[in-house]
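Subject: Structure handover

Hello,

Here is the structure you asked for. Please open it beside this email and follow along.

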Amino acid sequence: MGGTQSTEQGQYGFHVLKVKENSPAFKAGIEQFFDYIIGINGIKVDNGDSETLLRILNDSENKPVQLEVYSSKEQAVREVTLVPSSDWHKDNPGEKSLIGCSIRFCSYERAGEHVWHVLSVAPNSPAEMAGIIPESDYIIGSPHAVLASEDGFYDLVEEHIGKPLQLYLYNSEWDSCREVIIVPNHDWGGHGSLGCDVGYGLLHRIPRKSVNTRPSEDVSAQYSNAIFNAPADEPQEQPSSSSLPPHDEATAPSSQEEPSSSNAEQQQQQQQQTQEELPSSSAKDEQLPPSPKEAKPSSPKKDN
């Protein structure tokens, strides 16, 4: 993988619809639904030249090739190195692909805008039965049609009332895509044919990965404080004892016990200065400032 560029280079490419497990595309990090192949070995294929793409892949079997890939999620272009091969599907004679991905030529100019954020899912609804997750799931496409506008998704749902509808979903918590099958209907006992509320537009697009750095730092700080800061109502014996040398505390006589006559003079000489400068153990506890209160974690956001 090479460096990324923040500008879109061209408006069309071969949309990666599916990446098969353990394939060369899978191992190279090609992302299904988000990635568009726009070049191979320095040759642009954003004009729909599928013959050139397939010819170079076939001629480069077991040899590394450089793919130029645009990501609609990251809105950047990167270079990907993979090795076309048939070794990954030796146990599947019906598989013919050398890189293990399904592609379709289309525009990616506004691909990142056409997503529908799942805001809520009603109990016992078709959406819940299909395993759709509120807040973290985004509907990003379907093999039945190209969703190129806000109404495109709603029209597709109406066309599949009472029939299985296959949807492509992206989950922001798992950072992964999956396929689900849902049957829209009005007989499940609630409002709508899917039983879920969705949002479309600028505020409902897929978030960038970098937005999660600050919360993780806050959690780490709270976790550290909870371990190393004792509550204020706990006894302060441990902090006070650690501030004294171990030898002095171990040999210091109590206020009710006198040292033996054999070593009384030696102990008095060693501890005379310490006993004059330091107060008794109970006085030490009173003079030490209380430990800072344990950091209280912030309340988690309540799911809608």
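Start with Leu53. Setting aside neighbours within four places in sequence, Leu53 is in contact with Phe14, Ile37, Ile40, Val45 and Ile103. Contact means heavy atoms within 4.5 Å.

Before going on, a word on the source. This is a predicted model, where local features need pLDDT of at least 70 and side-chain atom pairs count only at pLDDT 80 or more, while totals for chains, interfaces and linings use all residues. Residues are numbered from 1 along each chain as its sequence is written, and side-chain values use heavy atoms, with hydrogens and water left out.

The cores

Where does Leu53 belong? Leu53 is one of the residues with the most contacts inside the largest nonpolar core, together with Ile30 and Ile40. That core has 19 residues. A nonpolar core is a set of buried Ala, Val, Leu, Ile, Met, Phe, Trp, Tyr and Cys residues joined through side-chain atoms within 4.5 Å. Buried means under 20% relative accessible area, exposed means over 50%, and partly exposed is in between (1.4 Å probe, protein chains only).

Helices (H or I, at least four residues) and strands (E, at least two) are DSSP runs, numbered from the N terminus.

Now look at Leu57, in helix 2. Leu57 is buried, at 8% relative accessible area. Not counting residues up to four places away in sequence, Leu57 touches Ile40, Val65, Pro84, Leu98 and Ile99. Leu57 and Ile99 are 42 residues apart in sequence, and their C-alpha atoms are 8.3 Å apart in space.

The annotated site

Which residues does UniProt list for "binding site"? The unreviewed entry gives His15 and Cys106. The two span 92 residues in sequence, yet no two of their C-alpha atoms are more than 6.5 Å apart, so they gather at one spot. UniProt positions are given in the numbering used here, feature names are shortened, and annotations may be inferred rather than shown by experiment.

Take His15. His15 lies in strand 1 (residues 12-19). Is His15 buried or exposed? His15 is buried, with a relative accessible area of 10%. Residues up to four places away aside, His15 touches Phe33, Phe34, Asp35, Tyr36, Ser102, Ile103, Arg104 and Cys106.

Then Cys106. Cys106 lies in strand 6 (residues 101-107). Cys106 counts as buried, at 15% relative accessibility. Beyond its neighbours within four places in sequence, Cys106 is in contact with Gln11, Tyr12, Gly13, His15 and Tyr36.

Ala76 is found in strand 5 (residues 76-82). At 11% relative accessibility, Ala76 counts as buried. Ala76 and Asp35 are 41 residues apart along the chain, and their C-alpha atoms are separated by 9.9 Å.

Gln32 lies in the loop between helix 1 and strand 2. Gln32 is buried too, with a relative accessible area of 17%. What does its side chain reach? The side chain of Gln32 reaches the backbone nitrogen of Val19 at 3.0 Å. Leaving out residues up to four places away in sequence, Gln32 touches Val16, Leu17, Lys18, Val19 and Cys177.

Two positive phi values

Most residues other than glycine have a negative phi. Asn22 has a positive phi, near 65°. Asn22 lies in the loop between strand 1 and helix 1 (24-27). At 43% relative accessibility, Asn22 counts as partly exposed.

Asn41 also has a positive phi, near 50°. Asn41 sits in the loop between strand 2 (35-40) and strand 3 (43-44). Asn41 is partly exposed, at 39% relative accessibility.

Rings

How many aromatic pairs does the structure hold? There are nine. Rings of Phe, Tyr and Trp (its six-membered ring) pair if their centres lie within 6.5 Å. Trp116, Phe153, Tyr154 and Tyr200 form one aromatic cluster.

Last, find Lys73. Its charged end sits over the ring of Phe34, 5.0 Å from the ring centre. A charge sits over a ring if NZ of Lys or CZ of Arg is within 6 Å of the ring centre and within 35 degrees of the ring normal.

Best wishes

How values were computed. Polar contact = N/O pair within 3.5 Å; in protein donor to acceptor, adjacent residues only side chain to side chain. Phe/Tyr/Trp six-rings, centres within 6.5 Å; stacked < 30°, edge-to-face > 60°.
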